[in-house]
Structures are given as structure tokens and as C-alpha cells.
Amino acid sequence: MGKATRAAFGEALVTIGENHDRVVVIDADLSCSTQTAKFAEAFPARFIQAGIAEGNMVGLATGLALTGFAPFAASFACFIAGRFEQIRVSVAYNNANVTIVGTHSGVGIGEDGYSQMGLEDVGLMRTLPNMVVIQPADATETKHATAFLADYVGPAYLRLTRQSVPDIYDERYSFEFGKGAELREGSDLTIVASGAVVSGALAAAEELSREGLGVGVVNIHTIKPIDTALLAEVAARSHRILTVEDHAVVGGLGSAVVEALAETPDVAVRVHGVHGFGESGTGEDLYRKHLLDAEGIAKVAREFLVPAASARASA
């Protein structure tokens with residue numbers, strides 16, 4: 001088992017701070033949870049504790065960005081979504097160089113329940129014309145994505161997990177902004193996943209392969225701008241795309257994929273994620289209930305494939 005992507009983010013910030021003297025970090029009374037406390041300890045003069053005032057945190061970050069700094073502003077994804085108006089006007093409309101970091105995303109956070117779960121954040125951030133949206137799949141990808149964002153100029157949103165996620169990549173990994181990564185090829189179905197569910201998608205594909213099904217997996221770490229070329233390529237090969245995400249089924253990765261493939265012929269897309277509101281329970285139990293674990297993803301994939309197989313048989 002790897003580590004939470006928020007933990008990798010905290011470690012990356014310290015490394016980045018040593019060579020980027022314009023990087024500053026702002027937190028809204030959650031530095032131990034978002035892991036920005038590590039940066040605060042290493043670089044106290046470049047850390048601002050805004051308190052329980054996320055809107056003020058966004059304003060501070062914008063002001064610092066407009067005077068030449070490169071701020072990271074961090075809080076829970078649900079609280080970030082709740083300050084959308086400040087982000088829309090202050091950060092996006094001013095094209096300010098602010099990286100907004102939303103941790104504790106999705107139902108994977110567990111027992112804290114819906115009031116603490118970011119399930120709508122990707123959908124909101126995607127609507128802003130100049131907002132980049134990145135969701136890494138593991139600790140290694142998180143560190144590389146954070147380093148990229150330290151040099152990137154413009155509004156960006158980085159979505160991270162509370163829970164630990166398995167390692168997918170090793171030290172040979174190289175982050176390519178805006179490029180999806182095809183982790184395995186498939187002729188019958190391609191699972192397009194992002195964030196914490198990528199490892200489950202890989203395990204589901206392996207399980208399905210033992211049943212004679214050719215299932216590929218694509219990791220979309222950059223949800224916006226999305227890799228339309230890769231999506232078109234895998235769609236042409238498998239003709240069926242199953243998107244998987246720990247986010248509401250409206251507005252997130254699935255919506256982005258459907259938009260990207262809207263004019264692609266002969267492809268069917270099924271969007272799989274969280275229906276309705278979140279609730280309290282262990283992260284493992286909630287993933288099981290919402291069919292976001294490996295077994296659940298495999299079940300959804302089978303249900304998607306069986307009608308297609310039946311149609312071919314009767315043709």
C-alpha cells in the first residue's frame with residue numbers, strides 16, 4: 001500500500017520550497033490535514049494561516065499571485081467548492097497564478113460523511129474557462145504534478161485524497177501535462193479512470209482478463225485539458241468506454257470524456273461514479289457500496305459488456 005496523495009503533496013511542497021522562493025502556501029485552519037504543516041515548519045515566513053475563512057484564503061492567494069508570488073491555497077475539496085464565487089471572480093477572472101488544492105475528495109474520506117466530502121468540485125472547476133484540473137493517481141504522480149504546478153503559470157486545481165492509495169508508478173515516472181496514460185490495452189472495453197480509483201480499475205481489468213475479456217485502462221491525471229487524442233484512439237480500438245471516478249456522475253471526468261468523444265462515431269460511453277449524496281461509513285465500505293472498488297468496477301464493466309455481446313450474438 002502506498003500513501004495518501006495529500007501526504008505526498010505535503011512532502012513535495014517542502015522539496016519545491018527549497019528551490020522556488022516565490023512559492024508561498026496558504027491554509028484555512030487545516031494544515032495538519034492538508035499536510036501543508038510540513039511547509040509551514042520548513043518555511044514559516046512563506047506560510048500564511050488564514051483560519052476558518054476559505055474565501056479570505058482565496059483572496060490572499062490572488063493578491064500574492066498578482067504581485068509575483070506562486071501561491072498554493074489548500075483546504076478540503078468540499079470547502080473549496082463552497083467558495084466557488086471567490087475562485088470564479090478573484091482567481092479565474094483575473095487569470096491569477098494560483099494553485100488551489102482540494103484534499104479529502106470523494107466518498108473515500110469515510111466516516112466524516114457528506115458535509116466533508118468533495119463530490120462536486122471537479123464539475124465546478126471545469127466550468128471556469130482557464131482553470132486547469134489535475135487529479136493524480138498515486139503518491140509518485142502527486143509529487144510530479146505538484147512540481148509541475150510550481151512552475152505552471154495560471155489558475156489550477158489539484159485534487160487529492162485523504163486515504164492511502166496503492167502505488168502505480170515508480171521512480172522512472174515522468175508527468176506529462178494534458179496527456180493521459182494508457183496503462184494497459186483492451187479490445188473489448190477501455191476503463192478511463194482518475195485519482196484514487198485507478199488502482200481499482202487496474203485490478204478490475206486484470207480480473208476481467210481472466211474471464212477472457214480484453215479490458216484496457218487509461219489514467220487521466222489531467223482532467224482539464226483532457227487528452228482527446230488518446231481518448232479517440234482507445235475508443236476506435238475498443239468502441240466502449242467506461243469512466244470511473246470518486247465524484248458525482250455529473251460534471252466530472254465522465255462528463256469531460258463524453259464531451260471529448262461527442263463527435264466520435266461508433267463509441268458507447270458509460271459514466272460511473274457517485275449517485276446522490278455521500279454518507280458516513282468507512283472508505284472501504286463506501287467504495288464497496290458505490291461499486292468503486294475493484295469488484296464493483298468489474299461488475300459494472302460486465303453489465304456494460306454483456307448487452308453488447310448479446311447483440312453481436314443475435315446479429
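**Close-up 1. Gln-35 in the loop between H2 and helix H3 (37-42).** In this predicted model, Gln-35 has a relative accessible area of 14% and is therefore classed as buried, the cut-off being under 20%. The phi angle of Gln-35 is near 75°, which is a positive value in a residue other than glycine. On the H2 side of the view is Ser-31, a residue of helix H2 (residues 31-34), and Ser-31 is likewise counted as buried because its relative accessible area is 15%. When neighbours within four places in sequence are left aside, the residues in contact with Ser-31 are Thr-36, Ala-37, Phe-47 and Gln-49.

**Close-up 2. His-239 in the loop between H10 and strand E11 (240-248).** His-239 has a positive phi of about 70°, although it is not a glycine. With a relative accessible area of 38%, His-239 is partly exposed, because this value falls between the 20% and 50% cut-offs.

**Close-up 3. The cis peptide bond between Lys-224 and Pro-225.** The bond that joins Lys-224 to Pro-225 is cis, with omega at about 0°. Pro-225 has its place in the loop between strand E10 (222-224) and helix H10 (228-238).

**Close-up 4. Helix H4 and helix H6 in contact.** The axes of H4 (residues 54-66) and H6 (residues 84-92) come within 9 Å and cross at roughly 5°; because angles under 35 degrees count as roughly parallel, H4 and H6 are described as roughly parallel to each other. On the H4 side the contact is made by Gly-55, Val-58 and Thr-62, and on the H6 side by Gln-86, Ile-87, Ser-90 and Val-91. Sorted by class, the contact of H4 with H6 comprises three nonpolar and four polar residues, with no charged residues.

**Close-up 5. Helix H8 from its start to Thr-146.** Helix H8 has 13 residues (residues 139-151), which at 1.5 Å a residue should span 18 Å, and the end C-alpha atoms are 19 Å apart, in agreement with that expectation. At the start of H8, a side-chain oxygen of Asp-138 reaches to within 3.3 Å of the backbone nitrogen of Thr-140. The buried residues in H8 are Ala-139, Glu-141, Thr-142, Ala-145, Thr-146, Leu-149 and Ala-150. An α-helix has 3.6 residues a turn, so residues three or four places apart point the same way.

**Close-up 6. Thr-146 and its surroundings.** Thr-146 is found in helix H8 and counts as buried at 0% relative accessibility. A polar atom of the Thr-146 side chain lies 2.8 Å from the backbone oxygen of Thr-142, and Thr-142 is itself among the buried residues of H8. Leaving aside neighbours within four places in sequence, Thr-146 is in contact with Phe-9, Ala-12, Leu-13, Ile-16, Phe-72 and Leu-158.

Key
Residues are numbered from 1 along each chain as its sequence is written. This is a predicted model: local features need pLDDT of at least 70, side-chain atom pairs count only at pLDDT 80 or more; totals for chains, interfaces and linings use all residues. Side-chain values use heavy atoms; hydrogens and water are left out. Helices (H or I, at least four residues) and strands (E, at least two) are DSSP runs, numbered from the N terminus. The expected span of a helix is 1.5 Å times one less than its number of residues. Buried means under 20% relative accessible area, exposed over 50%, partly exposed in between (1.4 Å probe, protein chains only). A polar contact is a pair of N or O atoms within 3.5 Å; within protein, one must be able to donate a hydrogen and the other to accept it, and residues adjacent in sequence count only if both atoms are side-chain atoms. Axes are lines fitted to C-alpha atoms, for helices over the stretch in contact, and angles run from 0 to 180 degrees between N-to-C directions. Angles under 35 degrees count as roughly parallel, over 145 as roughly antiparallel, 65 to 115 as roughly perpendicular and the rest as oblique. Contact means heavy atoms within 4.5 Å. Ala, Val, Leu, Ile, Met, Phe, Trp, Tyr, Cys and Pro count as nonpolar, Asp, Glu, Lys and Arg as charged, and the others, Gly among them, as polar.
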